[in-house]
Amino acid sequence: MNLTPQPTHRTTALRLLGGCAGLLLLGACASPEPPSQALQAAESAISNAERARVADYAAPELGVARDKLLAANNAVELDQMLLAERLAQQSRAEAELALARSQAAKAKVVNDEMRKSTDSLKQEMQRNTGVQQ
């Protein structure tokens with residue numbers, strides 16, 4: 001004679017539901033992870049910009065990138081991970097913008113020098129040949 005009660009479908013479903021509720025509660029209580037990939041990407045973008053000597057041509061953008069990275073790190077300390085990730089992404093974008101503006105400014109300087117050299121050569125040719133171009 002078996003005296004232990006057999007679990008019914010209803011008790012099994014209740015146990016399963018209780019287990020799921022417990023897992024959800026644990027997940028809700030766990031603190032979110034810091035956005036380490038976004039922070040690392042921002043730091044890397046700022047380092048790349050600094051190595052490319054961006055400060056000579058795009059110092060304001062680089063300063064904004066640094067400020068946003070600092071704000072992102074502060075947000076991590078305050079457990080505001082979503083804000084930290086957003087600020088880190090903005091920091092990376094500002095650093096990349098600074099790098100692009102710096103490269104454009106450097107290219108403009110080279111282009112202007114080449115134009116001056118070409119103009120000088122044209123003037124020299126006109127003096128030597130007397131032909132106007």
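This report describes salt bridges in a predicted model.

## Overview

Side chains of opposite charge can pair when their charged atoms come close. The predicted structure contains 7 salt bridges. Among them are the pairs E50 with R66, E61 with R101, and R115 with D112.

## Helix α2 to helix α3

In the salt bridge between E50 and R66, the closest N and O atoms are 2.7 Å apart. E50 belongs to helix α2 (residues 36-51) and R66 to helix α3 (residues 55-77), so this pair ties together parts that lie 16 residues apart in sequence.

E50 is partly exposed, at 39% relative accessibility. R66 also counts as partly exposed, with a relative accessible area of 39%.

## Helix α3 to helix α4

E61 pairs with R101 in a salt bridge whose closest N and O atoms are 2.4 Å apart. Because E61 sits in helix α3 and R101 in helix α4 (residues 81-129), the pair ties together parts that are 40 residues apart in sequence.

E61 has a relative accessible area of 13%, which is under 20%, so E61 counts as buried. R101 is partly exposed, at 43% relative accessibility.

## Within helix α4

R115 and D112 form a salt bridge, with the closest N and O atoms 3.7 Å apart. Both residues lie in helix α4, 3 residues apart, which is about one turn of the helix.

R115 is partly exposed at 47% relative accessibility, and D112 is partly exposed at 27%. Salt bridges with shared partners join K108, D112 and R115 into one network.

Methods
Residues are numbered from 1 along each chain as its sequence is written. This is a predicted model: local features need pLDDT of at least 70, side-chain atom pairs count only at pLDDT 80 or more; totals for chains, interfaces and linings use all residues. Side-chain values use heavy atoms; hydrogens and water are left out. A salt bridge is a side-chain nitrogen of Lys or Arg within 4 Å of a carboxyl oxygen of Asp or Glu. Helices (H or I, at least four residues) and strands (E, at least two) are DSSP runs, numbered from the N terminus. Buried means under 20% relative accessible area, exposed over 50%, partly exposed in between (1.4 Å probe, protein chains only).
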